[in-house]
Structures are given as structure tokens and as C-alpha cells.
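Here is a short tour for anyone meeting this protein model for the first time. Have the 3D view open and follow along.

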Amino acid sequence: MPTAVGAEPVPGSEGTGSQTITISYAGFNRDWAAWIADRLERRGRAVALHRWDPPEGVSIEESLLAYLSTPGPVLLVLHEWYFQLGLRSHDDWNLALRDVVVPNADRFVAVSVTGASLPASVAALEPVNLWGLGADEAERSLVARLGLPASPLPDDVGHNGPRFPRDAPAVWGGVPRRNPRFTGRDGLLNELNRRLRDAESGAVALRGMSGVGKTQLATEYIYRFRSEYDVVWWATADQLVTLRERLAQLAPALVLQTGQEYGERIRAVHQALRRGEPYRRWLLVLDSADEADGTADLVPTGTGHVLITSRNSDWALHGVDLLEVPLYDRSESIDFIRRRAPRLTPDEAHQLAEALEDLPLLLDQTAGWLNDSDLPVQEYIALLERGADRGILAVSADFPVTYQTAGAILLNRLRETAPETVELLHLCAFFSPGSIPVRLLRGVPPGAQPEALVGLMSDPDLWDRTVRKLSQYSVARLESRATVLYLHRMVHQMVRQDMPGEAAETYAAAARAALAAAARGTPGDPESWPFYAEIVSHLEYADALNDTDPASQSLVLDCLRYLYLFGEYATGLRLAERAVPAWQSRLGPDHPRLWDLSHHYANLLRAVGDYRHSETVSRSAAVRHRDARDSGESTQLYLRAVAGLAADLRALGRYEEAYALSREVCDAHEEFLEDENHRDVLASRNNLAVSLRLLGDYKEALDTDRSTLRARYQVLDHGHPWTLLSETFCAIDLRLLGNPREALVEQKRCVERHRGQMGRDHPQTLQAEHNLAMCHDQAGEFTEAGSLFESIRTRAEAVVGEDDPLSLILATAHSCFVREHGDLAEAAETAQSVVARYERMLGPTHPYVAGVQANQALVLRALGEREESRLLADHAAAVMTRAVGPGHPWALGCALNASVSAALTGDHEAALAMSQDTVSRAGANGALGATHPLTLAARVTLAADLRATGDRTAADILEARALQDLAATLGPDHPRTRSARSRVRPYWDFEPLTT
């Protein structure tokens, strides 16, 4: 008997409306049933939904008679799928309808939701056809058929019910076509819907072995529950770079106002989904997301749902609910086989299901070709049992052994009946498994096409027939409006392992030629990035890393450059780390291409903060090119390597060495190129200023940066990224020299140009906004600074990750700000985290580690832990002085903090000695000057220490002069001036700089 699930009858209803209306529907038509139920409930009628799925061994008559035990009318939602459940024939249905429904016509009513023909006896139900109608007309027809009052309902404004099934979601992207052969899994689909609604994170991962049907289950879920969503977006997640591209494409689909930068678009998407604007009901599917650790940061949260398919149970570690996808149960296998291969009897279907271990993908492929074959099932099973006389293919251990043999049989049959399908599979095997763009497959240049593929590539009709044949046997399928061919990884590996070596190389060469031909533009042009994103995931499968052809090598180098500029550092590193040994073994240690590869490898290592490794790579290149300098080209390669080495040394805190190399490169470029405005000259001058800034020579850095900026204004567009970078560096220099207001004016303009030209979330824009926030803060404009600090940090961590060097710079600044103006607990947590991450990245004696420890000591001081603060401040000052020298501004700042900590613990004599030494060292630093804010802070501190030790006269004189200079430098109402006037001891915050 069907179980009624729904609201109780509505009190006061009349006629049939006083009783619950039972809606009987096939799971395939759940969206129609949900919409009908919503429309009836809005009219005050109670409904009970019942999924029609008569069990094996129970006749249609018995199942229909069970409905008569319910108290109210029974509404049948008819579709051809309704009559296919249980594999009953139309004759069976005609008999059941005549025997049960016709005599009880007062209890049964029906609506049709299909344009297909239905059993003849359905006419006795006089079903109203809702198919092809609009929502309003369909509702009027439904109400009329049930004999309910046709009074209009209030507007649907604010009503969050299911959408009319024929109305597509407002945003719909990348969803595979529905599988009309989908069988069973009803309980699993309903459980998935419940889990998605109940999951705290709104995310559920369908987890199971290859071939178990995770992707098919996710697809069917979308079609059954799509009326509950306004946004449905499908993203293939087997490659991080293609996943990011797909998420970025959702931004324009949501009509979000962003720039072209993928990071900016992804962040905008995350924010929109979190807020539920413009749509609250959204579903994002991440298909084949097997790398949980690398993908988890991209999973959004918010008002909607995330559905993940994966073989990896580690998703549970990221707060995602796991739902295991089992093999078919035997009844599902039998139903599926008989629907796929109607010629098989139930007993034969049972035997086949047992032999194939109920694996859905294998059932689909095998039943598909068995239906077209005259091979008896028993003979096929015998072939399976003896391995088809072929031996076992060496496929991955996570594939069932049965699949290996069954796959071999299928390939043999395809060779005999449709050999062109096997040739196309051979080509596909040298692209990555999963989604392969058709334009890549068909883009093999004529001269590179294997002989067996020439006819297929030149004949569109043959191509279509071939793909249809592969789809018929579920070997591959067309998706995304025939722009993508999907090849399951089990099929991919089976085909690849089954190819002889000579044929494999022929098809690999064809794939490489297709990839090279698909590249568009240069990796430095953001408009070309979608093309490179499409190519990257296929390089290794096409064996491009082992190819010595210059075109393939250039493509690999271009893809590495793209990954660096795009911010996909981890993907780039994995690719480079595989390419380096391959090229070394094939090209030899001194080949120019290998050194080009090393240059990109070092850039990627540096980008993720692996400076020791990047230094090794850069130094090796510098030594090699230095010894080989015999031409202009060799000199340029040497200078490029030395510039990279200087960047590594700067990051490692070896500033004097870095400056010497930066100076060498700059001088050599100016002499060698004989053009003071040449791009390489300006780049080397820019890098020289970076080295000067890290040495604490802010004045010389500003002069150098201004020279570079003037030249870039002349030879580059004002909106060029390098011009904008120079503008930011000039403003940083001004601020570090103690002129935050002047820097603020320049940085505001620069930030607006960055946002317009490069997007809000480009790393360079974030760097520019960081300096703007620092300018606001040091100018005493704390409200403006606070909102910027938090926004920049959040965006950077979303774009590049929290351990990226840029994210650490931003986290340091945010921690300092909230210590003074926000939450001390948050400041303490962030400061401790920053220290730990810098120590892991740079080691305990690096100046950045000493600097952030000095900041952490300030947090401890604010928390009242003065003794602990003093110990840490003293340690930081000692390490910093050894690292950068006693006259460096950072050493002076650490010394200032240490002297204040000593005073606050009551050790006034030690504090006085330290503050006197700090003032003396600051005065000796010509780069700072007597009125620099840091020098003035040291003088204020010395006055306080003199007063504490009894020398009030000297203290008053020194304090008065310092206050006068502070007012002149920062302004009389600046917070630092007011604090000094109130005799609040000053402090100094360490600021990591870009290297």
C-alpha cells in the first residue's frame, strides 16, 4: 500500500477537496509532482506524494488497487517513464487500466507530462496534457481537471516554491544531457536531497569507486530537483586550473560586475553565493573532484548547495558530508540490463549482472553491444571467465578485474564492426581523461593526422556516426552542445594500455600537434588564458614533456608562463617538476631550452615562497651562463639568471648580496643595450630600487623609482602593469620616508587605475590597495584603513592562499591594525600564526621572523604580559640587528620596542641605555633624518626614560623639541602627536616588504 506523505486535510474543505490528494509519479518526473503539489497546497488542498515503483513480483493491478485504500482522489502524473518501471508491457498496462482504473473513474484522475504516445487505455482517464503549456495555462488545466475552484491566487512574490518544470533555471551551465536509461537509485537521490538540505556546510560528496555512476547520479539529481534551484552550474574538477576557469565563468552568468581577472571573478562568485544575491537557490556541482586538499578552498558556502563527485574520502576532513554510492543492487542491475538490452530474458540479465559484479558503467557498455549482437549471454560470460584469451590489461588497481576483460571484448567487437571508433579512442587516449574539447580533437593539423584518422577528420558525417556509436555503447558521450567529448578514466586507461608502442607514439604526436595548434596569442595576454587553460591538463597525457620537438617545448614553456601569470603556482610547479628531469635526460644539461625551463621553474618556486630551492636553480643558471658568455644572447641569459638570483637573495634576507647583483645587472643592461629606456633597463632599475628599499635606503630607492616611473610614462601606457607598479613603489618609498599624506594622494589614483586595468583581485592590485591602507593608517585615518585591511586580506587568501608571501604581508598588517583598533584576541591569534608560517618558510634568523616577533611582543604587551613581551622584544631586537645591521630602520624599530618593554617592566636604567643608543643610531642614519617619525619616536622614548630616571630638565627639553617636530612632520592633531603629548610611550610596527 502506498504511504501518504503530506499535509493533513484542510479543515472546512468541501467535496473532494476535504481529503488528501495522492499524487502518483515516476521518480523521473519528480519535478512535475513537486510543482503540482505546490500549486494544490497553495489552494488549500492537502497532498501526499507517492513515487510509483511497483516491486518485482507485484502486478500492476495490485499496485493500483492499493491506491483505493487512500481516502481521497489519486492523481496519476503520466509519462512514458511511468509505464516502463518494472518492465511491464503496454498490453499489461492496458489490462490493468481496464480492470482497476475504469471501474473506479471517480477516484482516479490523470495529467500527462509528455508528448510521447501512451498505452491506449489511458484515454479512459481523460488525462489533461500539461506538456507544451505555459505555467499559468498548465495550472488552469490542472485545477479544471480536478474540479477545484478556479479563483486566482495571490502573486507569487516571496513564495519560494518549486519552479514550473518547463521553465529552466535562470542560470544553467555545463550540465550533461539527461540519461534516458537512468535506472533505480531513487532512495539514494532522496537521501542526497535530504543531506544537502541538512548539511551544515551545504555540501555533500558522492563518494564511490570508478564506474559506479557518481556522475550519472549527480546529473539525474539535477533534473529531478532542478525546479528547486534558480542557478545550476556544473564544473569539471579533475584539474584545478580548469575548475578555476569554470568558476570564473559563473561571474558573467550571474551578471556580476568584475574585471577579467579569474581570481577577482571567483571571489565575486563566492561572495554572491554566500549572500544569496542575486539568487538564493543555487546548486554547484564539482565533478571528479578527487584532489580534496587542492580543491577545498574553492568550495563556496552560502544559501545554496554544493554537490561533489569523488573517489576520495578526504572530503570529510573539509567539513563535507560523504554519501557512499554503492554498486547497483541486483534488481536495479536486472532492470537496467533489460531496458538497455530488451532481447535478454530476466534470467539472462541476472546471470550477466552477477558476472559483471553489478558495476553500472560496465553493465551499460556490455548490455549496449550485446543487444546489437547475436552472441549468447552464456558465451559472453564464458569469455569473461577465461579472460577472452587475451590476458589481463594492466589497468589501475581501483578498477575491477572483470572490467579489464570485458573492456577487451568490447574493443575487439568495435574493431570488427566500427574500426573508426577505435581509432578515435586511440587519439582520445592521449588527451586527459574526462572532458576533451572537440575542437582539440578535430584540430590535429592535416600533416600530423594518423593515416587511419584522415577520413574521419575530413568527413563530418562519418565523425557524427562514429561518436554516436561510442555513445550507443556508453564508451564516450558528447556534452555541452557537442563541444566536449567525455571519456571515462576507466575507458581511457584501458585503451591506452592496449595500444602497441609504435601506434601510441603516432597518436601522441597527433595530440601534441593539436595542442600546439590550439594555442592562441601569448601567455602574457589575459585574453589568451582560456586557450591555455584548455591545453594545460592534456600536456602530460600527450607526452609533451618528453618531446624534443621545439614546438612542443615552446608550448610547455608558454603554459608554465601562463600558470605563473594566472596564479596557478601549484599546478605550474607540478608541471615544471616533471618537465625538468625529462628535459635533462633528453636534451643534456647545457641545452638552452633546459635553462629556459629553469627560469620558469625558479619563478614558480619563488612565487610559493620556496626561496632556498629557487636560489639553487637560479644560481646554477647564473653560473652556467656566466661561463658561456660569448655573445649578446648569452649575456642576456646571464643577466636574466642573475636578476632571478638577486630576487631569491632578497627573499632570503641577504640584502647586501642582492643589492650587489642588482647593481651589476642594472649597470650591464645600461651599457649593453645603449638605451636608457629599454624595457630590460627599466626592469633592472626597478629591481635595484627594491634592493635599496630592503636595505633601508628609502631616499635612494625613491629617486630610482621616480626615474623608472618617468621613463615608463614615456615608453609605456599609463595603465600598463609595469607603470602602475612603479607608481605604487614610489608611494611606498614616500610613506617609508615619513610622508604618508603625500603618499596617500598618489596611491589613491594608482589604486583606481589598478582596479580598472587589472581587476580588484589581481595580486598587484592587492599590493597597491595594501599600500593605500598603510597610508591611511599612518596618516591617522583609521576607519578607511580598517575596512581596507580586512577586505584585502580576505581576498588575497581566496586568490593565492593563506601561505602565499603576499597573504603573509597582508596578515601581518591586519594583525597590527586590529591590535590597536580591534580585537586583541584576533590580533594575538593572527600574530602567532604569522610568526609560525614565516619561521617555516624562512628559518628562525631571517629579518622577517625577527620583525613579526617584535609585532607579537607588542600584542603580549597589550594583553598585560609584560615580562613575556620584554623577553620576546629583546630577542627580536638582537636577531634583527645581526641580520640587517645596527643602523637599519628595522633594527632601530626593534630597539625602540625593546627599550619601551624594559621601561614597562620597571628596568628604567636598561631602558635609558637602550633608548640613548637607539637615538644615537637613528641620528647616524642619514637616510632617515632627524625628523623622521621613527627618529622622533626614539626621541620621545628617550625623554620618557630620562624622566623616569630623575633627569626631568633634560627630559622636558628633549620632549618639547620632539613634540614640535612631530607636529611639523605629522600634524598637531595626528594620533601619534597626541599620544606623545599625553606621554603615551610610542611603538613601532614591522612591515614586511615585497621582495
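In what order do the five strands of the open sheet come? The order is β2-β1-β3-β4-β5, and the pairing is parallel. Before going further, some ground rules: this is a predicted model, where local features need pLDDT of at least 70, side-chain atom pairs count only at pLDDT 80 or more, and totals for chains, interfaces and linings use all residues. Residues are numbered from 1 along each chain as its sequence is written, and side-chain values use heavy atoms, leaving out hydrogens and water.

**Strands**

Strand β1 (residues 21–25) pairs with β2 in the parallel sense over five bridges, and T22 stands opposite A48 in β2. Two strands count as paired if DSSP finds at least two bridges between them. Strands themselves are DSSP runs of E with at least two residues, helices are runs of H or I with at least four, and both are numbered from the N terminus.

Now look at strand β8 (residues 231–236). Five of its six residues are buried, so β8 is largely enclosed by the rest of the structure. Buried means under 20% relative accessible area, exposed means over 50%, and partly exposed lies in between (1.4 Å probe, protein chains only). Strand β6 (residues 171–173) runs parallel to β8 and is joined to it by three bridges; here W172 has V232 as its bridge partner. Strand β9 (residues 282–287) also runs parallel to β8, with six bridges joining the two, and V231 is partnered with W282 in β9.

**Salt bridges**

How many salt bridges are there? The count comes to 59, taking a salt bridge as a side-chain nitrogen of Lys or Arg within 4 Å of a carboxyl oxygen of Asp or Glu. Here are a few to find:

| Pair | N to O distance |
|---|---|
| E615 and R654 | 3.3 Å |
| D703 and K699 | 3.7 Å |
| E991 and R735 | 2.8 Å |

E615 and R654 meet in a salt bridge. This pair links distant parts of the chain, 39 residues apart: E615 is in helix α25 (residues 611–627), while R654 is in the loop between α26 (632–651) and α27 (655–673). E615 is buried, with a relative accessible area of 12%, whereas R654 is partly exposed at 30%.

D703 and K699 are four residues apart in helix α29 (residues 698–715), which means that about one helical turn separates them. D703 is partly exposed at 37% relative accessibility, and K699 is partly exposed at 48%.

The salt bridge between E991 and R735 also links distant parts of the chain, 256 residues apart: E991 is in the segment after α42 (975–981) and R735 is in helix α30 (residues 721–736). Are these two residues buried or exposed? Both E991 and R735 are buried. Elsewhere, salt bridges with shared partners join R51, D53, R178, D186, E220 and R224 into one network.

**A charged patch**

Which residues form a negative surface patch? They are E790, D823, E826 and E829. Patch residues have over 30% relative accessible area and no salt bridge, with like charges joined within 9 Å and nonpolar side chains (Val, Leu, Ile, Met, Phe, Trp, Tyr) within 5 Å. E826 is in helix α35 (residues 824–842) and is partly exposed, with a relative accessible area of 31%.

Conventions
Accessible areas come from the Shrake-Rupley method with a 1.4 Å probe; for residues, only the protein chains shown count as cover. Lys and Arg count as positive and Asp and Glu as negative; His and the chain ends are not counted. The place of a charge is taken as NZ of Lys, CZ of Arg, CG of Asp or CD of Glu.
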